[in-house]
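Q: I have a structure open and want to learn how to read it. Can we go through it feature by feature?

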Amino acid sequence: MKHTKVKDLLNSTTTLQEVNAKGWVRTFRNNQFIALNDGSTINNIQCVVDFENTAEETLKRITTGAAVSVIGTLVESKGAGQKYEIQVQKLEILGDSDAEKFPMQPKKHSLEFLRENAHLRVRTNAFGAIMRVRSVLSFAVHKYFQEEGFVYVNTPIITGSDAEGAGEMFKVTALPFDNTPRTEDGKVNYKEDFFGKETNLTVSGQLEGETFAMALGQIYTFGPTFRAENSNTSRHLAEFWMIEPEVAFNDLDDNMDLAEDFIQYVIKYALDNCGDDLKFLEGRLLEEEKSKPQADRSEMPLLEKLNFVLENNFKRVSYTEAIDILRESTPNKKKKFNYIINEWGADLQSEHERFLVEKHFKCPVILYDYPANIKAFYMRLNDNTEPGRETVRAMDILFPGIGEIVGGSEREERYDVLIEKMKALEIDEEELSWYLDTRRFGSATHAGFGLGFERLVLFVTGMTNIRDVIPFPRTPGNAEF
Ligand code: 4AD
Ligand code: MG
């Protein structure tokens, strides 16, 4: 007999059928009621064991974490909270779980403890829900771009250039650490390395992505990226997944429209397809926030917050307007910010971004037209900017509770302007010659952005630490599993 998923059993339209369910025991009450979960849904199916006719030996082995298979009749449940239950006729223990030793006991565990047990935390309600939502969101990413006619591009993970300057890179080498080949002046001789040159793990697929956009029109990447920054925060990972669309003939306004439409689409898709999981996560968040002071609690319950993002346009604000708002803000005047904003040109810290989004505008914000010297070399210089106050067609999208979720720009399509910028920043033209070919041959306006996938999952699940929305987080000092 083939087993049926718990989700399908709970959604069944007929009762009194013989069914087989397989899963892991969450709890076993009164020597009679098994709450069985198989990961197909946050909901358990109650399996009622005929304890009088079941061997004592078997009953003892029905412990939290054990894998079991039950065969029985699907009937309407008399108990509260579930529509159906299984009246068990035959029960088989597939895999025992020593109740004394199984770390995921049916009680509240701290998120820190669960992180140390990342291989088992997925057996809890919260992490099961998070990982299902993450999976649905990644499907929605592909669905959106595929429906819009974008081509999915797999940009390389090992790269030869640190052109982006987006962050510290992890070196990739096959050279031995002892007896490292050296050049005459004592430097490591990468000519003898696997690729015959210095290589790194990619921080972004953008530059390669641009070359594809200049042929295929609309492309997107969705893959892992790596940054060796020592930022031990609740928003940074050393290995994270990024989605980078790049579109030929799009300018910055088109880029903003695309980002907003895309984000709203994937959030709506999650709302439509992860109802039970999101409802559970909303409850979890409310519970967690009970112990926090009022000021630190979310303004809205999770589902309301997600719907709010769907129903309201993102507020578009120029960097210059933002600086004016920040300069006049109470925390700036009262010197509550760690970095006081005095003048135009200051780089915004996350405290400023969060003030704008959470206190001032109270909605997602797109900041654009940043000072040229705090942004990457490839961003398009604005026409008609004052000397000394040059700005670029950059945009960052800021989300409540998250801060920066998207970074992007219109690209500098003019060969001469780009070369001048690279010279000023001492970026190796030779190394990036392939990238410059996009500007040498058939250059055109184009734009794109990068969305940090885990920051999106954070927002949608209402979790607060990025380590809790990726299966096995990599952060400074941690690469377990
Ligand atoms: O702003 P970033 O550095 O932009 C780029 O890499 C561009 N090449 C993107 C593009 O235009 N195609 O990174 C983009 C996004 C950030 O907004 C943030 O959401 C996420 O990637 N991100 C991180 N997420 C987790 N951990 C980190 N260490 C992250 N660094 C960036
Ligand atoms: Mg950025």
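Q: What share of the 481 residues is buried?

A: Keep in mind that this is a predicted model. A residue counts as buried when its relative accessible area is under 20%. In this protein, buried residues make up 51% of the 481.

Q: How much accessible surface does the protein have, and what share of it belongs to carbon and sulfur atoms?

A: The total is about 23,800 Å². Carbon and sulfur atoms account for 48% of that surface.

Q: How many helices and strands are there?

A: The protein has 15 helices and 16 strands. Its C-alpha trace spans about 85 × 60 × 45 Å along the principal axes.

Q: What share of the contacts joins residues at least 24 apart?

A: Start with contacts between residues at least 6 apart in sequence. Of these, 69% join residues at least 24 apart.

Q: How far apart are the mean positions of the positive and negative charges?

A: They are 6 Å apart. The protein has 57 positive and 77 negative charges.

Q: Now the ligand. Which residues around ligand 1 come nearest?

A: Begin with the shell, meaning residues with a heavy atom within 4 Å. Ligand 1 has 24 residues around it. Gln206, Arg227, Glu244, Glu404 and Ile405 come nearest.

Q: Which strands each supply at least two residues of that shell?

A: They are β11 (239–248), β15 (403–410) and β16 (446–452). The largest share comes from β15, with 5 residues.

Q: Which atoms of ligand 1 lie close to polar atoms of Glu244, Glu404 and Gly407?

A: Look for N or O pairs within 3.5 Å. A nitrogen atom of ligand 1 lies 2.7 Å from a polar side-chain atom of Glu244. For Glu404, a side-chain N or O atom is 2.6 Å from an oxygen atom of the ligand. Gly407 uses its backbone: an N or O atom there lies 3.4 Å from a ligand oxygen. Taken alone, ligand 1 exposes 630 Å², and the protein buries 92% of that.

Q: Backbone angles next. Where is Glu426, and what is its phi?

A: Check for positive phi in residues other than glycine. Glu426 is such a case, with phi near 55 degrees. This residue sits in the loop between α13 (415–424) and α14 (433–440).

Q: Is Glu426 buried or exposed?

A: Glu426 is exposed, because its relative accessible area is 73% and the cut-off is over 50%.

Q: Where does Phe481 lie, and what is its phi?

A: Phe481 lies in the segment after α15 (453–461). Its phi is positive, about 75 degrees, although Phe481 is not a glycine. At 46% relative accessibility, Phe481 counts as partly exposed.

Technical notes:
Residues numbered from 1 in each chain as written. Chains lettered and ligands numbered in written order. Predicted model: local features only at pLDDT ≥ 70, side-chain atom pairs only at ≥ 80, totals over all residues. Heavy atoms only, no water. Helix = DSSP H or I, 4+ residues; strand = E, 2+ residues; numbered from the N terminus. Buried < 20%, exposed > 50% of the residue type's maximum accessible area, 1.4 Å probe, protein only. Contact = heavy atoms within 4.5 Å. Areas by Shrake-Rupley, 256 points an atom, 1.4 Å probe, with all protein chains shown as cover. Lys, Arg positive; Asp, Glu negative; His and termini not counted. Charge placed at Lys NZ, Arg CZ, Asp CG, Glu CD. Polar contact = N/O pair within 3.5 Å; in protein donor to acceptor, adjacent residues only side chain to side chain.
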